[in-house]
Amino acid sequence: MSVRSPPPRAPRASLPASKSRRTSEVYVLVPSSPYAIGTSKPTATLKADDALPPPTPLRAHNMPSTSAFSNSIKRKRSEANLSDAEQRAPETKTKRPRLSASRAKAQKTKKANEVPSNATPDFPNGFFYCHQCNKKRDNLVGLYCTFKTKTGGTLARCKAKYCRPCLKNRYGQDLDAIKGRGVSLQPKEIVGHDKTQGYIFKCPRCDGNCNCRGCRKAAGLEPTGNLTLAAKKSGADSVAVMLTGDAKMTGILPGKGRQIPDPPKKPKEPKVMKQPKPVAEAVAPKHKRAYIRKAKPLPQVTWTPVPVPPSFTLERALPRIAIREFVLRFGTLLDMSRAHLEELEEIGGRRPHEFDDDGESDTEQEIDVEMGWVSETCVRGILLGLLGLLAGSQLQLGGTRGKIALQEATQEIKASRANLARMWSALAELRAELEKEDLFEIFPDPLPPPQHTKVHTTRSGALNGTGMHVTSTAQLVPVIMPLIEMVLETQAVREELDEGAKEAKERAKEEKERAREVRDKWEETRKAGSVDKAARAEHKRSIAALEQAHRVTLHAHAPRFTPLGTDHDGRTYIALTPSVAERDAASALLAGDAKKGGKA
């Protein structure tokens with residue numbers, strides 16, 4: 001097909017708008033079909049030099065109609081191309097065609113079959129979060145509020161959603177009944193609701209009676225907790241009915257333990273004795289004797305009297321107890337022998353003799369208790385240990401001269417041969433040297449000797465500068481106590497306390513291992529079938545022995561010692577820690593040494 005373009009036209013003057021533009025003549029050459037039967041010359045036989053016949057103008061009925069292109073090509077014509085009638089015709093809007101009933105139903109079914117945007121494998125119908133319980137629920141078991149409220153100046157539907165269990169238990173409403181009635185309600189009940197959901201539902205939040213945690217907090221009330229159980233037990237339809245009478249009522253709150261007491265147990269009804277069948281010779285039934293459990297008597301407290309005179313008061317006993325506990329706890333630092341540690345067990349002291357020179361017994365005359373305490377060699381060991389710790393510490397005791405004085409006092413006590421007068425003379429010289437360095441008085445004078453003491457003056461035991469006779473070890477108790485207070489501040493004591501904490505953990509591990517061995521042995525015995533009352537008692541005794549041994553060994557690593565307490569009468573109770581022999585036996589028992597610790 002070939003199209004002949006129109007010849008160029010000369011510029012023309014602008015025509016008035018009233019005249020329509022003439023249609024240009026278009027000539028189209030339509031080749032003949034190769035399947036047509038006729039005498040016309042086929043197109044294939046034409047040559048380039050052949051002249052084409054003149055084109056035939058198209059007729060009006062052969063021109064394409066403009067309506068065919070109206071659906072695909074839309075072009076607005078200018079006012080110059082419009083006729084007078086078209087310019088005067090008003091602009092009309094086309095209306096959307098109304099869908100038929102069948103087509104509208106098909107579109108509604110298609111919309112219902114659409115998969116929700118938040119559908120998941122667990123919730124194929126989509127999900128929502130309940131406003132009451134805040135749990136994730138399926139869309140089919142919940143109701144959307146259809147009431148319109150004003151939010152931010154615009155009227156929009158409420159976004160609260162409630163699940164089926166909460167509507168039933170908390171508010172007494174049935175989800176199926178609400179959906180079943182649809183929108184067929186009174187006109188007053190429909191006003192203000194959105195009817196697109198297919199039902200009318202005003203949520204408790206919009207109704208002003210929501211009892212969820214958030215709404216109650218906004219109203220200044222505590223959360224209700226689990227009132228559902230209480231409502232079922234009381235016979236109420238829902239929690240909302242119970243809150244109508246008392247808005248502050250609360251149920252079981254999580255994290256606060258047991259809150260509802262158990263109902264009182266019904267007393268058991270006595271069993272009815274079956275009537276014995278009549279026999280020829282009725283035998284009187286034997287009456288069983290009622291078993292009366294005997295009350296176990298309380299253990300009697302056994303008091304062991306200490307042979308001390310009445311002058312031995314609490315004020316005199318406490319320093320001796322403190323010295324004993326300190327020396328037992330830090331005996332390794334003081335380098336004390338076992339014999340000296342055992343002497344400290346006698347708090348009241350040992351009498352030097354049973355009878356005096358007149359032949360009278362000690363029980364017939366009152367002898368001052370301070371005459372009896374530990375031996376002179378024990379006091380010598382305690383003083384050497386304390387002075388050695390002070391000399392090796394970093395405490396500022398008079399600088400270099402103070403350290404020299406400590407060393408000289410130590411040498412003098414070592415050479416004293418356990419003479420109390422010489423030991424006190426060395427301590428007095430040490431105190432005088434430290435006082436020269438403007439230090440406070442580190443320890444006081446010893447106690448005065450008893451009145452009945454006979455003093456024999458010798459060259460080695462002559463009076464020192466203080467003019468005090470020291471004839472008994474008990475006189476040096478107030479001298480030793482300040483030295484102990486100073487030693488407690490040394491670095492060696494602190495390191496011993498830290499090491500004691502580690503040793504306590506090791507003893508605990510040993511006790512657990514030994515207890516496990518005893519229990520494993522008991523399990524083997526029980527499986528073998530050779531279990532009797534004596535074997536069970538022996539097993540319990542072994543476990544109790546290991547526990548007691550662990551408690552005893554802990555005293556050797558205790559950081560402090562304090563009295564047990566005071567009763568209403570003002571008496572102070574003090575429990576002494578186990579002795580050296582008891583501690584050694586307990587350690588041997590935990591270590592599995594049967595010779596020293598015995599059988600567990």
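**Terms and basis of the model**

Contact means that heavy atoms lie within 4.5 Å. Helices (H or I, at least four residues) and strands (E, at least two) are DSSP runs, numbered from the N terminus.

The structure is a predicted model, in which local features need pLDDT of at least 70 and side-chain atom pairs count only at pLDDT 80 or more, while totals for chains, interfaces and linings use all residues. Residues are numbered from 1 along each chain as its sequence is written, and side-chain values use heavy atoms, with hydrogens and water left out.

**Helix α18**

Helix α18 covers residues 533-554, 22 residues in total. From its first C-alpha to its last it reaches 32 Å, close to the 32 Å expected at 1.5 Å a residue; the expected span is 1.5 Å times one less than the number of residues.

Among the buried residues of α18 are His539, Ile543, Leu546 and His550. Buried denotes under 20% relative accessible area, exposed over 50%, and partly exposed the range in between (1.4 Å probe, protein chains only). The buried residues of α18 pack against α17 (491-528) and α19 (580-591).

Thr149 has Ala156 in β7 as its bridge partner. The two strands form a hairpin with two residues between them, and Gly152 in the turn has a positive phi of about 65°.

**Salt bridges**

The structure holds 17 salt bridges, each defined as a side-chain nitrogen of Lys or Arg within 4 Å of a carboxyl oxygen of Asp or Glu. One of them joins the side chains of Arg324 and Glu345 at 2.8 Å, N to O. Arg324 lies in helix α10 and Glu345 in the loop between α12 (338-343) and α13 (376-391), so the pair ties together parts that are 21 residues apart in sequence. Arg324 is buried at 1% relative accessibility, whereas Glu345 is partly exposed at 27%.

A salt bridge also links the side chains of Arg514 and Glu517 (3.1 Å, N to O). These residues stand three apart in helix α17 and are therefore separated by about one helical turn. Arg514 counts as buried at 18% relative accessibility, and Glu517 as partly exposed at 47%. Salt bridges that share partners join Arg324, Glu325 and Glu345 into one network.

Note on methods
Pairing = 2+ DSSP bridges.
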